[in-house]
Structure formats: structure tokens, C-alpha cells
Amino acid sequence: MTASHTTPAAATGPGPLHLAVALDRTGAPDAYTADAYAESALLAERGALDFVTLGDSFARSGPDALAVAARIAPRTGRIGLVPTVTTTHTEPFHVQAAVATLDWVSHGRAGWALDVSTTEAEARLFGRRRAAPRETLWQEAGEVADVAARLWDSWEDDAEIRDVATGRFIDRDKLHYADFEGRSFSVRGPSIVPRPPQGHPVRVVDATAPQARETAARHADVALVRAASAERAAVARAELRGLAARFGRDPRTLLVFAALDVDLGGGEHAAEPGHGGGPLPTAEGPAYRGGPVDLADLIADWHRAGAVDGFHLTPAEPRRDLERLVNGTVALLQHRGLFRTFYPGSTLREHLGLARPVNRYAALTGESA
């Protein structure tokens with residue numbers, strides 16, 4: 001993997017605060033319309049959030065997250081779009097091409113939330129193999145992330161000639177074979193899609209499960225951790241960045257977000273008992289229940305302490321909680337000067353402060369020249 005580089009945070013304090021939100025919806029089929037997703041994405045964009053995520057799984061019904069992201073991309077202008085695409089039972093070549101296409105459609109705002117499919121029911125949908133242990137599946141996910149980056153680099157940035165006079169569309173010398181051999185698949189390449197606008201679309205991994213941590217440390221640009229306190233989040237962040245350094249990465253290029261479920265049905269009332277100092281652990285993960293003001297305080301305190309680089313928030317009730325999050329919590333953070341009021345650039349990497357990765361094959365060509 002070619003590591004991207006970012007400007008390190010000043011030694012005297014944390015770097016910029018980053019915020020993302022899940023657009024996952026539940027309920028009747030009319031909740032899954034493109035208009036509903038676009039409305040939510042535009043609301044998040046109005047708050048200058050870094051990105052929105054759309055969950056997906058072979059284990060449940062609902063729209064294809066990647067297709068939804070592509071559908072709402074032309075209706076949004078700045079916010080990052082990060083659908084979940086499982087690496088299990090899917091072809092790595094097609095996954096990378098689809099994510100690269102989303103990056104082109106969105107003009108450099110695509111991300112990819114990697115996930116795995118663990119159940120026998122999901123395996124039966126494809127009939128090719130039995131369900132494997134999580135550790136094996138996450139090792140495979142790491143290989144898919146690796147080969148995706150190689151395929152995104154398989155076209156150099158100036159590989160397209162588009163010379164009408166000579167009829168040449170591509171400089172073949174600037175196309176490269178990935179020639180990847182993994183434990184369960186092999187990919188030769190090159191890709192069928194030109195190198196994405198971001199070079200590598202942003203990769204997001206929920207690193208809460210122990211089996212996912214190595215994949216996150218090796219390949220993720222953003223790792224999500226579920227922790228019920230700033231102290232636990234800080235330990236997880238330090239562990240992930242330490243692993244990243246062991247794998248040869250600049251640990252500052254791995255951003256760690258706290259993942260929280262939020263229920264803002266309490267309006268402006270104080271957080272429920274136990275939530276004032278932080279979220280409560282639940283079977284689904286840490287959950288915050290209270291008002292937008294207390295949530296802003298929690299976010300500010302955790303970030304100021306250097307526990308995390310940002311937050312990924314999942315509203316309990318999408319329409320209600322997202323509106324209160326943007327108009328209440330985010331507006332308050334902006335008023336305090338803790339969160340930006342406009343986007344610093346046009347791509348998701350620019351929002352996150354991550355530089356565009358150098359093409360590995362072009363770099364090798366330059367070295368040998």
C-alpha cells in the first residue's frame with residue numbers, strides 16, 4: 001500500500017475536528033427513496049460534515065448502498081459519500097472499479113466502508129463457499145483493500161491521451177499490471193476505470209472488533225472505534241496508530257473516529273443519567289441520549305483531550321436527530337470555533353487533511369528513469 005501523507009497536528013494540541021454521520025434508515029419502503037437520502041445528505045452538507053455513510057449487508061433487506069451513493073452524488077456538491085461494500089462473496093476487481101466510478105461521479109468525494117459477511121445465510125446466497133471465521137474474513141478484506149489500491153494505481157494519471165488525430169486513447173506504457181496473488185484470489189489487472197480523482201478513494205474500517213484492527217491499521221484512512229469513554233477511545237487510537245507505525249505507515253495518516261449512536265429526542269434537556277460524562281454501553285455499542293448542547297460538550301471534551309480525531313454519529317431517528325445534530329450540536333461547535341463553517345476543498349481527502357497518494361507505478365518509473 002502506498003501511504004498517503006497529511007500535515008501533522010501541532011504538538012501543542014489536537015488536529016482539526018472531523019464529523020461524519022450515518023444515513024441508515026428504517027421503516028416503510030418509502031423511507032428508502034433517493035429523495036429521502038439526498039435530503040439527509042444535503043442537510044449534513046449544510047453543516048459542513050466531512051462525510052455521510054450508508055450501511056449495507058447481504059443479511060438484511062434494503063437498497064444497495066453503492067447505488068444510492070451514486071444516485072445522490074449529482075445532487076450534492078461537497079460532502080463525502082461512503083457506502084459500505086462487503087469484501088466477502090464479491091469480486092475484488094469489480095468492487096474497486098465500482099468505488100473508483102463513484103469517485104468519478106462525485107468528482108472526488110467517494111469513500112469505501114469495508115465490511116465482511118460472516119453468516120451461513122449470506123454464504124448460501126452465493127453458494128460458492130461456507131462461512132469462514134471473522135479473522136480469516138478480515139485478512140481477506142485486507143487483501144482486497146491492498147489489491148484495490150494497486151488497481152487504482154494501474155492507470156497513471158496521464159495515461160489517457162484522447163488524441164483524435166492519431167486515434168490513440170491510452171498510452172499503454174502508462175498502464176500497469178497489479179499481478180496480485182492472495183490467499184483466496186488473484187488479480188492481474190489493469191483496472192477498467194482510469195485512476196480515481198482522489199488517487200485512492202478514502203477507506204473506512206470499523207476497527208472495534210479485534211479481528212478488524214490489523215486491516216484498519218494497514219489500509220484504512222479512517223478507523224472507527226466504539227468506546228464508552230474518552231479514556232477507552234484514546235487507548236484504542238494509540239493502539240491503532242502504533243500498529244500502523246509497525247506496518248511502515250506514518251501513524252498520523254490514520255484518523256480515528258469515535259462511533260456513537262445518538263438519540264437527541266430529549267431536545268435541549270440535559271443528558272440522561274450516566275450520559276452527562278459520556279455515553280452508556282449498550283448491546284449495540286455506546287449510545288448517547290440527551291440534548292444537542294450536551295452532545296456538543298462531549299464532542300469538544302473528547303477531541304480537546306486528544307482521544308479521537310473525530311466522530312461518526314448514527315442517529316436513532318434519522319430525520320429528527322440529524323436535523324437537531326446539524327442545527328444544534330454542529331452549529332454550537334461552529335460558534336465556539338471548534339468546527340469549520342465551510343469546506344476547505346472539493347474532495348473528501350481535502351476535507352480530512354489527507355494528501356492524494358503518489359501512484360506507486362509512476363514513482364517506480366521515475367526512479368528508474
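Predicted model: local features only at pLDDT ≥ 70, side-chain atom pairs only at ≥ 80, totals over all residues.
Which handedness does the crossing of α6 and α7 have, right-handed or left-handed?

1. **Helices α6 and α7.** To take the opening question directly, the crossing of α6 and α7 is right-handed. Helix α6 spans residues 210-219 and helix α7 spans residues 230-246; their axes lie 8 Å apart and the packing angle is about 55°. That angle makes α6 oblique to α7, since an angle must fall between 65 and 115 degrees to count as roughly perpendicular. On the α6 side the contact uses Arg213, Ala216 and Ala217, and these meet Glu239, Leu240, Leu243 and Ala244 of α7. Sorted by class, the residues in this contact are five nonpolar, no polar and two charged.

2. **Helices α1 and α2.** A second pair worth a look is helix α1 (residues 34-46) with helix α2 (residues 65-72), whose axes are 10 Å apart and which pack at an angle of about 70°. The two helices are therefore roughly perpendicular to each other. The crossing of α1 and α2 is right-handed. From α1 the contact draws on Ala34, Tyr37, Ala38 and Ala41, and from α2 on Val68, Arg71 and Ile72. Six of the residues in the contact of α1 with α2 are nonpolar, none is polar and one is charged.

3. **Helices α3 and α5.** Helix α3 (residues 92-105) and helix α5 (residues 134-152) have axes that come within 9 Å and cross at roughly 55°. This makes α3 oblique to α5, and α3 passes α5 in a right-handed crossing. The residues that meet are Pro92, Phe93, Gln96, Val99 and Ala100 of α3, and Val144, Val147, Ala148, Leu151 and Trp152 of α5. The class count for the contact of α3 with α5 is nine nonpolar, one polar and no charged residues.

4. **Trp138.** Staying with helix α5, please also look at Trp138, which is found in that helix. Its relative accessible area is 5%, so Trp138 is buried, the cut-off for that label being under 20%. Setting aside neighbours within four places in sequence, Trp138 is in contact with Leu114, Asp115, Val116, Val205, Gln211, Ala212 and Thr215.

5. **Asp321.** Is this aspartate buried or exposed? Asp321 is buried, with a relative accessible area of 0%, and it lies in helix α9 (residues 318-335). Apart from neighbours within four places in sequence, Asp321 is in contact with Val262, Asp263, Leu264, Gly265, Pro315 and Ala316.

6. **Gly291.** Leu264 comes up again here: Gly291 and Leu264 are 27 residues apart in sequence, yet 5.2 Å apart in space, C-alpha to C-alpha. Gly291 sits in the loop between β12 (287-289) and α8 (292-304). With a relative accessible area of 2%, Gly291 is buried.

7. **Backbone points to check.** Most residues other than glycine have a negative phi, and most peptide bonds are trans.
   - Gly189 and Pro190 are joined by a cis peptide bond, with omega about 0°; Pro190 is placed in the loop between β8 (186-187) and β9 (202-206).
   - His107, although not a glycine, has a positive phi of about 60°. His107 is in the loop between α3 and β4 (111-115) and counts as exposed at 62% relative accessibility.
   - Asp179 is not a glycine either, and has a positive phi of about 50°. Its place is in the loop between β6 (168-170) and β7 (180-181), and at 52% relative accessibility Asp179 counts as exposed.

8. The unreviewed UniProt entry carries the annotation "domain: Luciferase-like" for residues 33-260. In the model, the chain over residues 33-260 is 39% helix and 18% strand, and the C-alpha atoms at the ends are 25 Å apart.

Note on methods: Residues numbered from 1 in each chain as written. Heavy atoms only, no water. Helix = DSSP H or I, 4+ residues; strand = E, 2+ residues; numbered from the N terminus. Buried < 20%, exposed > 50% of the residue type's maximum accessible area, 1.4 Å probe, protein only. UniProt positions renumbered as here; feature names shortened; annotations may be inferred. Axes fitted to C-alpha atoms, helices over the stretch in contact; angles between N-to-C directions. Parallel < 35°, antiparallel > 145°, perpendicular 65-115°, else oblique. Left-handed = near helix turned anticlockwise from the far one by under 90°. Contact = heavy atoms within 4.5 Å. Nonpolar A, V, L, I, M, F, W, Y, C, P; charged D, E, K, R; others polar.
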